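Biologist: Before we discuss any terms, could you put the model on the screen?

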Amino acid sequence: MTKPLRLGIAGLGTVGVGVVRIVQRKADLLAARSGRPVTISAVCARNRGTDRGVRLGDYDWQDDPVALAQRDDVDVFVELMGGADGPAKAATEAAIAAGKDVVTANKAMLALHGQALASAAETAGAALRFEAAVAGGIPVVKALTEGLAGNEISRVMGVMNGTCNYILTRMQGAGLPYDEVFKEAAALGYLEADPTLDVGGIDAGHKLALLASIAFGTQVDFANVELEGIQRVEIADIEQAADMGYRIKLLGVAQMTGRGLEQRMSPCLVPADSPLGQLEGGTNMIVLEGDSVGQIVLRGAGAGEGPTASAVMSDVIDLARGTRLSTFGQPASSLARPTPAKSAVPAPYYIRMELQDKPGALAKVATVLGDAGVSIDRMRQYQHDQANAPVLIVTHKTTRKALDTAIAGMGETGVVAGQPVAIRIEEV
Ligand code: HSE
């Protein structure tokens, strides 16, 4: 019989158990598609005694992930522990140094150390693959690396954190404030152990930085992703944006501009009737734009046992088949160091403010906008019974710099109460 591909799995949480289940339940299908059996030699996790609801007795137990990564009977080290540094990185480095291929779901590790790890893998003649690190079950790494390899990519964008999309769509559906829905999400177990990874946009920022590297042939540059989380999104913005025909999403956008690589992960308005606008609950969506193909929309589960294990297995099967691709779609040594361009691309903005309801107030705000070179597209004032009127303004395309100048100027008019809220409107 053809030699099996032997896995060593480090990390037996939701995803690790999902991978074990697929290997056990789909052995025939995996063998048929790979042309050889896929087996597990050994596993490793923090606590041996935990009942994980899956049969592990056939595999050697290894307490130390580094030792697991170096075993002679392991061809592919499957890293599912998580964490940017610590044991995950140490074991990945050990596997590479031992010439083993690595499959990982670890977005944080790759976002911070992807270039060094990809270079080390290439030097060692090993493969390092990460389909499961971005958008769970959606095969977006493959789509970019293989399916769209003949395209110049102009823009990558998407909703890459299901928890944030759950929170935002639940706020909208139930008319609930952020704090209340955050507690619900916590009770449902949707949040990462450190919730800031989700609601602060960090987890999604990691994913965006990885996709940008493949799309633009640049070294992973998470440090220059402009990050803003959803913690300050108010129900008033969700409702009033809806009234103007928009939805608020934690949207990642990466594009190569004349000034360099722009990477943003921040709350944005998108048209309510667009595919992104219609994305509900914990689902992810990635939109890819290539010069020959046009726009591609991928939608699916961004987390969970089955979807993430499905993505891990796609990398495992590639390796079993003998398909060996560079980590970021081209040799690591050929990836350019990107020039970061912050908020380089002009866009329309939504501005919400509380305006004193007295003669000339609106004129003062309009003057400040005009002086900063910001042109008004639409405006709406809402009924109110207080001294201040809620006012919404949608601008024509403008730069973030001009907008910030206008917002600062509004504070000096004496007619705007509190701090105006400004949210970018992304053309999708
Ligand atoms: N916490 C992430 C999400 C999944 O909510 O989408 C893991 O990246």
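Biologist: How many cavities of 30 Å³ or more does the count come to?

Modeller: This is a predicted model, in which local features need pLDDT of at least 70 and side-chain atom pairs pLDDT 80 or more, while totals for chains, interfaces and linings use all residues. Residues are numbered from 1 along each chain, and side-chain values use heavy atoms, without hydrogens and water. The count comes to one cavity of 30 Å³ or more, a cavity being a set of points on a 1 Å grid over the protein atoms alone where a 1.4 Å probe fits but cannot get out.

Biologist: Which residues of helix 11 are called buried?

Modeller: Buried means under 20% relative accessible area with a 1.4 Å probe, protein chains only, and in helix 11 (residues 235-243) D237, I238, Q240 and A241 are buried. The buried residues of helix 11 pack against several elements, including helix 7 and strand 9.

Biologist: Which residues make the contact between helix 13 and helix 14?

Modeller: The axes, lines fitted to C-alpha atoms over the stretch in contact, come within 8 Å for helix 13 (residues 361-371) and helix 14 (residues 400-411) and cross at roughly 145°. With contact meaning heavy atoms within 4.5 Å, V365, V368 and L369 of helix 13 meet A406, G409 and M410 of helix 14.

Key. Axes are lines fitted to C-alpha atoms, for helices over the stretch in contact, and angles run from 0 to 180 degrees between N-to-C directions. Helices (H or I, at least four residues) and strands (E, at least two) are DSSP runs, numbered from the N terminus. On a 1 Å grid over the protein atoms alone, a cavity is a set of points where a 1.4 Å probe fits but cannot get out, and a pocket is an open set with protein on both sides within 12 Å along at least five of seven lines; lining residues have an atom within 4 Å of a point. Grid points are joined across faces, edges and corners, and a volume is the space filled by probe spheres set on the points. Buried means under 20% relative accessible area, exposed over 50%, partly exposed in between (1.4 Å probe, protein chains only).
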